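Trainee: Could you help me read how helices pack against one another? I would like to start with handedness.

Mentor: Happy to, let us bring up the model.

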Amino acid sequence: MNLELTEEQTAVRQLARDFVAREIAPHVVEWDRAESVDRSIVRKLGEVGFLGLTIDEEYGGSGGDHLTYCLVTEELGRGDSSVRGIVSVSLGLVAKTIAAWGDEEQRSQWLPGLTSGASIGCFGLTEPGTGSDAGNLTTRAVPDGGGGYVLNGTKMFITNGTWADVVLLFARTNNTPGHQGISAFLIPTDTPGLSRRTVHGKLGLRGQATAELVLEDIRVPASAMLGPEGKGFSVAMSALAKGRMSVAAGCVGIAQAALDAAVTYATEREQFGKPIARHQLVQELISDIAVDVDAARLLTWRVADLIDRGQPFATQSSQAKLFASEAAVRAANNALQVFGGYGYIDEYPVGKLLRDARVMTLYEGTSQIQKLVIGRALTGVSAF
Ligand code: FAD
């Protein structure tokens with residue numbers, strides 16, 4: 001086992017660090033307060049190749065392995081989770097899924113735009129009545145008699161929802177109950193009958209465009225279906241298995257940012273006539289963060305390594321996501337403690353880290369759902 005990065009991986013990580021320092025860090029507080037990152041960041045992410053990682057160059061991708069993808073995702077998460085999420089969804093959940101499941105026409109239609117940042121993708125699985133229980137979603141796609149489908153339903157909490165040009169959407173195409181009746185569709189968001197509403201008032205990820213999507217008699221051709229009819233749940237789960245690695249990498253970035261901030265502050269702030277770093281209980285907070293960072297990173301890198309070697313990785317991805325998301329919340333909370341009262345105001349970075357970390361234990365499968373996935377793999381018994 002060799003955990004040393006290659007020259008290329010090190011160079012791409014440095015590229016990501018420089019990108020974050022130049023294009024993201026100066027704007028983080030402003031974007032958080034304004035509840036919107038500057039949309040030009042998407043083009044910039046595309047230009048530097050971060051929206052095309054792991055995708056073949058013939059579709060505009062920038063290639064690279066999954067560890068490189070994790071390194072970039074971690075650095076973006078260290079900078080601003082709102083930006084990291086744009087990449088995790090548009091590339092991680094949408095473009096990669098089109099690359100894996102799409103036919104030649106779908107790949108050529110969508111991938112060059114998504115990888116360049118000319119267009120943005122969103123992932124429409126969750127509904128108001130079905131979150132964890134996504135296999136029972138109720139959005140319907142009824143054959144229109146001419147080979148196409150008519151869709152009706154509502155999708156909730158869709159990241160990039162108001163910005164996206166295409167939604168990878170999951171709908172029920174037959175009356176088979178549960179996940180077997182679900183199919184996946186690639187739907188342009190300007191399709192008549194599709195409306196979008198911004199979800200305001202989020203605890204964290206305030207700069208991100210989260211939306212409710214309403215579908216009223218929208219018509220799509222048969223060619224909009226991604227993957228075989230009735231296999232939509234497999235499409236969704238395969239996307240999320242890799243997506244959870246991406247979330248985990250973003251969480252490592254949050255925890256690392258918490259560590260960096262806590263160490264710097266502890267060596268500068270003085271109480272009782274000495275830097276607070278000289279108080280043992282402050283060192284305990286910092287060492288707890290450091291162990292969480294390293295453990296989360298190693299679990300995440302293991303998933304990338306398994307994918308790059310063509311091995312099964314879904315359970316390990318759930319383990320990494322479960323641990324890293326809970327670790328990010330702990331790390332940000334510990335860092336806030338190190339900052340004392342100053343941690344509670346947004347002139348300092350740790351309050352935002354905690355707000356942004358909090359959603360990580362909820363989306364792409366809550367911590368409870370990850371435990372059920374891991375438990376099912378270990379016992380062979382489904383507790384769903
Ligand atoms: P519920 O499923 O109602 O769960 C409520 C509680 O019950 C949780 O604690 C859960 O763990 C627990 N619970 C549920 N079932 C079980 C069980 N069987 N055993 C034990 N405990 C259980 N979705 C998308 O499709 N696309 C997106 O881009 C997207 N982005 C999001 C962005 C944000 C900011 C947020 C907040 C959510 C986003 N989501 C997205 C939705 C997210 O994936 C869901 O919120 C999540 O899956 C949980 O579903 P729920 O909110 O309906 O909670």
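Mentor: A crossing is left-handed if the near helix is turned anticlockwise from the far one by less than a right angle, and right-handed if clockwise. Keep in mind that this model is predicted. Here, α9 crosses α10 in the left-handed sense.

Trainee: At what angle do helix α9 and helix α10 pack?

Mentor: Helix α9 (residues 314-339) meets helix α10 (residues 350-358) at about 160 degrees, and their axes lie 8 Å apart. Angles over 145 degrees count as roughly antiparallel, so α9 is roughly antiparallel to α10.

Trainee: Which residues of α9 and α10 meet?

Mentor: From α9 come Ala328, Val329, Ala332, Asn333, Ala335, Leu336 and Phe339, which meet Val350, Gly351, Leu353, Leu354, Ala357 and Arg358 of α10. Sorted by class, this contact has ten nonpolar, two polar and one charged residues.

Trainee: Let me try the other pair. How do the axes of α5 and α6 cross?

Mentor: The axes of α5 (residues 81-101) and α6 (residues 104-116) cross at roughly 155 degrees and come within 9 Å. The two helices are therefore roughly antiparallel to each other.

Trainee: Is the crossing of α5 and α6 left-handed or right-handed?

Mentor: For α5 and α6 the crossing is left-handed. On the α5 side, the contact is made by Ser90, Val94, Ala95, Ile98, Ala99 and Ala100, while α6 contributes Gln106, Arg107, Trp110, Leu111 and Leu114.

Trainee: And what is the make-up of the contact of α5 with α6 by class?

Mentor: That contact divides into eight nonpolar residues, two polar and one charged.

Methods:
Residues numbered from 1 in each chain as written. Predicted model: local features only at pLDDT ≥ 70, side-chain atom pairs only at ≥ 80, totals over all residues. Heavy atoms only, no water. Axes fitted to C-alpha atoms, helices over the stretch in contact; angles between N-to-C directions. Helix = DSSP H or I, 4+ residues; strand = E, 2+ residues; numbered from the N terminus. Parallel < 35°, antiparallel > 145°, perpendicular 65-115°, else oblique. Contact = heavy atoms within 4.5 Å. Nonpolar A, V, L, I, M, F, W, Y, C, P; charged D, E, K, R; others polar.
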